[in-house]
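Dear colleague,

Please read them with the coordinates open beside you.

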Amino acid sequence: MDQKTRDDLLTLFQSKLNEAMRFYLETCTRCGTCTEACHAYASMGQVKYIAAYRHEIIRRIYKKYFKGRGKVWPSVGEAKELNEMALEELYEAAWSCTGCRRCMVYCPFGVDTQMLMSIAKLLLVGASAEPEILTLLADTSIEKGKSLELYKEGFLAGLKRLEEEVVKGWQMEAGETVIPVDVEGADLLYVALAGAHSIVPAAVVFNAARENWTLSFFEAVNFGAFVGDPTRTKLILDRIINEATRLKVKEVCICECGTAYRVMQQLAGRRPFKVSSITDVQARYIREGRIKLSRSTFKGSITYHDPCQMARNAGVIDAPRFILRHLTDDFREMTDDIRYNWCCGGGGGLVALGEDTLDFRMKSSRIKTEQVQETGAQILATACENCHTQLENLNDHYKMGVKVRFLSSMVADALVA
Amino acid sequence: MSDEIKVDKHMDLKGLPCPMPVVKVSKGIKEVELGQVIEAVTTDPGSLTDFPAWARTSGNEILKSEQDGETIRFYIKRTA
Ligand code: SF4
Ligand code: SF4
């Protein structure tokens, strides 16, 4: 690696060094408490998947090039040069970590592995060594924001194809708009994913609840956040913030996409609207009597996988359980304490990398499969696109024999007049 | 299949949710030569915006798209 490249990468490293990050870098005492916390280590038993091992690479580069200030600083190992080999190690550490933060709950100092891995991801972006497909997907999202007029027609044509299905789910009066778009003064802006499965059931429930809603032109998923590029993350986020501001909505409701919700909730800064997950919104409709659900739509017991970015990392814990109590008399928790729930193994962009990560995703999530199977449930509900795909992959791979469902579509299916 | 366009590679992407059609087509386009054409068939309504935006971003060209019931058919020329 030439000096200029190294200097540029170290400038990127420096840009990440706020107080919290320095604390995480300088505080690990290698106590080993986090060893069993990572699903990849618990499933595969390889040392490189221990959280503290993953950060050690970043910490050693930090030791070589930056001045430490922490008391336990001497316990950090050898200083490490930032070179091609170090980049390969950073790739291995960061792109096998889903950013689930289970290890952080175990760490007595709250060392945040996801934050530390964000340094690794940023250095990889800087060195053009990141999974390039994620950057391309991020740029595709940004392009849609820049040239919306070019894509509007395609978007509206796509929606037209879905209207019939929405009406099948909830009958509308003549003249009512089935999937409203671009409605200034709507109360709620729903930000979906591009597929029918993310739009149709949500629309059915909004219409049943007589919500004054409008659908965003943009998809919720933030590939900039997955790839670990703060500039792209912000550009993708800004498309939605600008749309919400332009339409003067009171609430932005994010679909079942854990990362999209967490990014909007935690990175949007001061904003003139409230941010909710669709799970929160649907729970509210039930509480307010705006929708009613049948407990007999689903036969068999139901368990729920808490998406890490929704539950552990953003606090959406009570709402899904409230909904589930209205869907079944046989709900089975996977864990006594939701903070310690196992990650599905698909987050952090791994699922979007598709077949390239499939083998690792299956091997590293054996422990999740055991957790699901111990519940004995027939239906496995969740509220995140990534988790849903990963859980379906696990279901096929380990022959779990469960039915994996999106919670929001279960709500739509169980609606009663 | 379209009458006028000579297709060099077919990709059946039916049933795949977003972003998989774009992920697959990004890989697929690298498996044909510059100037050659992929025919990609999807059922994901999101691809009606995702494919054109992806093409602009990646520098490839969508020659034509057709909707037929459930399916959406794109003819994409590798130009980058
Ligand atoms: S954040 Fe999750 S995946 Fe990453 S090291 Fe910690 S437990 Fe493992
Ligand atoms: S639990 Fe915390 S302090 Fe202990 S080894 Fe892991 S990261 Fe370091």
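Is A:Glu81 buried or exposed, or does it fall in between? With a relative accessible area of 39%, A:Glu81 is partly exposed, because a residue counts as buried only under 20% and as exposed only over 50%. Please bear in mind throughout that this is a predicted model.

A:Glu81 meets A:Arg6 in a salt bridge between their side chains, at 3.4 Å from N to O. The pair links distant parts of the chain, since A:Arg6 belongs to helix α1 (residues 3-15) of chain A while A:Glu81 sits in the loop between α4 (51-65) and α5 (84-94) of chain A, 75 residues apart. A:Arg6, for its part, is buried, its relative accessible area being 10%.

Over all chains the count comes to 41 salt bridges. Among them is the one between A:Arg339 and A:Asp337, whose closest N and O atoms are 2.8 Å apart; A:Arg339 is partly exposed at 43% relative accessible area, and A:Asp337 is partly exposed at 26%. A network of salt bridges also links A:Arg30, A:Glu56, A:Arg59 and A:Arg60.

Turning to the interface, chain A and chain B bury about 2,000 Å² between them, with 63% of it on carbon and sulfur atoms. In chain A, the residues that lose the most area to chain B are A:Tyr151, A:Arg161 and A:Ala194, which together account for 26% of what that side buries. The contact takes 28 residues from chain A and 27 residues from chain B.

Across this interface there are 5 salt bridges, including that of B:Asp50 with A:Lys144, where the closest N and O atoms lie 2.3 Å apart. On the side of chain A that touches chain B, α8, α9 (148-169), α10 (196-208) and α16 (355-363) each supply at least two residues, and by class that side has 13 nonpolar, 7 polar and 8 charged residues.

A:Glu132 and B:Lys30 form a further salt bridge, with 3.4 Å between the closest N and O atoms. Because A:Glu132 lies in helix α8 (residues 132-146) of chain A and B:Lys30 in the loop between α1 (20-29) and β2 (37-42) of chain B, the pair joins two chains. A:Glu132 is exposed at 56% relative accessible area, and B:Lys30 counts as exposed at 52%.

Finally, the residues around ligand 1 include A:Cys38, A:His39, A:Cys97, A:Cys100 and A:Cys103, and the shell divides into 5 nonpolar, 4 polar and 2 charged residues.

With best regards

Key:
Residues numbered from 1 in each chain as written. Chains lettered and ligands numbered in written order. Predicted model: local features only at pLDDT ≥ 70, side-chain atom pairs only at ≥ 80, totals over all residues. Heavy atoms only, no water. Near = heavy atom within 4 Å. Nonpolar A, V, L, I, M, F, W, Y, C, P; charged D, E, K, R; others polar. Salt bridge = Lys/Arg side-chain N within 4 Å of Asp/Glu carboxyl O. Helix = DSSP H or I, 4+ residues; strand = E, 2+ residues; numbered from the N terminus. Buried < 20%, exposed > 50% of the residue type's maximum accessible area, 1.4 Å probe, protein only. Contact = heavy atoms within 4.5 Å. Buried area = accessible area lost by both parts, 1.4 Å probe.
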